[in-house]
Amino acid sequence: MVAPLLLLLLASYMQFHQLTRDLRFLPDEAFFMTFARGAAVNGDWLLPGPLDKPPLSIYISALSMVAVGLRADAGGVLQLDSHLGEFAGRLPNALLAIMLTALMMRLAWRLYRWRWAAIFAGLLTATSPYMLAFGASAFTDMGLLICSAAALYFALTGRWMLAGLALGLAFWSKQQAALFAVLIVLILLARQAGRRDWMCICLALGLVCAGLLIWDGARPEASIFLQAAVNNSPGAWLAAPPQWVGRLGAWIERGLWLLGPPLATGGLLLGCAFVSLRQIWAGTTGGRPPRVERAMLVTIVAFFSLHALLRFNLYERYLLLMMPPLCLLVAGQLARLPNAGRLGEAIRAVVAASLIASGLWSLNAGQTIGGDRGEQAGIDALAAHLEAKPVATVIYDPWLGWELGYYLGQWHDKRRAHYPTAEALAAGALALDEIGDRYFVAPLDQPHEAWLTALRDAGFGVYVDYERDRFIVYRLTAPQN
């Protein structure tokens, strides 16, 4: 009992360390949390707008905002401070990451019945750079991951109705659950499930997914599934054949961070290959469930192959879905490292200590997974500067979109306008009959001189109004007639 508790404390330390960092939302986080805030503050539980994800993870973050950050002002109007909203939006995913560590230990114990397998599964999960990057975040992936892992657990225990329910809830978190369904089907085949088992899982899954389709149909906007298809594969689903090898290499390069820094992941995989070859040479399986292991291995290979062939966006967080099967496979092999007795225990202890060390290195050394977490540093100060402008001030915003909208607040009174090109902005600005000052916002690292030139050519006066951190604001005066 001591080792699992210590592992949960380790996972809690790492997740709460990430949760309490003073970091602004990345663009996609701001996108999802704008919908969550709309539900918490305005009661928009159908999440109106161009949403491309199912609602479960967003609903959980919205409920966290209600519990943690929502306050009523003197006039009884609900308000949500942007920084409290950051904490509230990320809190559920941090807790789910800790729960996932416990579930992975239980899965490994169920699969292998070895103490060290459970320990290694918990360690690999708690110290993974992917869990550090996306656990205490405001993305929708942790809901998908915990529900998918629960579906795997129920499938391994033969509780097919619950497996179907959990897999359905994974679909309620993210459409990517369809890829994990492949593993559940392979386990059904590996366990030689009967007709009744197939009916149980299909019935539960069908009912839960039917509820999602009803919810999607009740929204006034286009289907989230159509929006997701447009966002992920514009033009064509299949990548051009010359791109396949490059795409596969890119996904593998990202995947090498799943279990730790790339060198650590490579070493773990080579060690597991050695243990597997040694078992094959000795003609032993040591009580392993080879059919389930083969199902997990086939799923991992199929996942990487599919992402190389299809034009999915190269988002690192898509790889999170492969963490449960990969961690279980590696944990099972690490538990079977050669040498029994005290020497074998010492070797396993050294490997466990190395995993903890690599996790702490990833925590403190600035890992590259998850993008530049300081990308939006100062956007809250920028939003406060703009919010102080007069009511109905026009703000031209070609780049910052959802993230600036989040930090301006739910009740901001400014008029934000987006134009896709400098020419379109100049034409739209001229067409607007507005004599007051307007403002043009840009990140400093974005080439925006052409936009300023177009505005000057249209007769606008252009003056620097604000420059701080990564952002600059220009004040625009209307042309003199």
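Helices here are DSSP runs of H or I, at least four residues long, numbered from the N terminus. The model is predicted.

**Stop 1: the second largest pocket.** Select helix H9 (177–190) and helix H11 (224–232); each supplies at least two residues of this pocket's lining. H11 gives the most, with 4 residues. The second largest pocket holds about 380 Å³ of space. Its lining has 16 residues, and Gln 175, Gln 176, Ala 228, Asn 232 and Phe 312 are the closest to the centre. Colour the lining of the second largest pocket by type: 9 residues are nonpolar, 4 polar and 3 charged.

**Stop 2: Ser 173.** Move to helix H8, residues 160–173, and pick Ser 173. Is Ser 173 buried or exposed? Its relative accessibility is 0%, so Ser 173 counts as buried, the cut-off being under 20%. Now show what surrounds this residue. Beyond the neighbours within four places in sequence, Ser 173 is in contact with Pro 54, Leu 56, Ser 57, Thr 140, Gly 143, Leu 144 and Cys 147.

Stop 3: In soluble globular proteins, nonpolar side chains tend to be buried together. Select Leu 107, Tyr 130 and Leu 382, which have the most contacts inside the largest nonpolar core, a set of 135 residues. Helix H7 (residues 141–156) contributes the largest share of this core, 13 residues. Then centre on Leu 107. Leaving aside neighbours within four places in sequence, Leu 107 is in contact with Ala 149, Leu 152, Tyr 153, Leu 156 and Leu 328.

Technical notes:
Residues are numbered from 1 along each chain as its sequence is written. This is a predicted model: local features need pLDDT of at least 70, side-chain atom pairs count only at pLDDT 80 or more; totals for chains, interfaces and linings use all residues. Side-chain values use heavy atoms; hydrogens and water are left out. Buried means under 20% relative accessible area, exposed over 50%, partly exposed in between (1.4 Å probe, protein chains only). Contact means heavy atoms within 4.5 Å. On a 1 Å grid over the protein atoms alone, a cavity is a set of points where a 1.4 Å probe fits but cannot get out, and a pocket is an open set with protein on both sides within 12 Å along at least five of seven lines; lining residues have an atom within 4 Å of a point. Grid points are joined across faces, edges and corners, and a volume is the space filled by probe spheres set on the points. Ala, Val, Leu, Ile, Met, Phe, Trp, Tyr, Cys and Pro count as nonpolar, Asp, Glu, Lys and Arg as charged, and the others, Gly among them, as polar. A nonpolar core is a set of buried Ala, Val, Leu, Ile, Met, Phe, Trp, Tyr and Cys residues joined through side-chain atoms within 4.5 Å.
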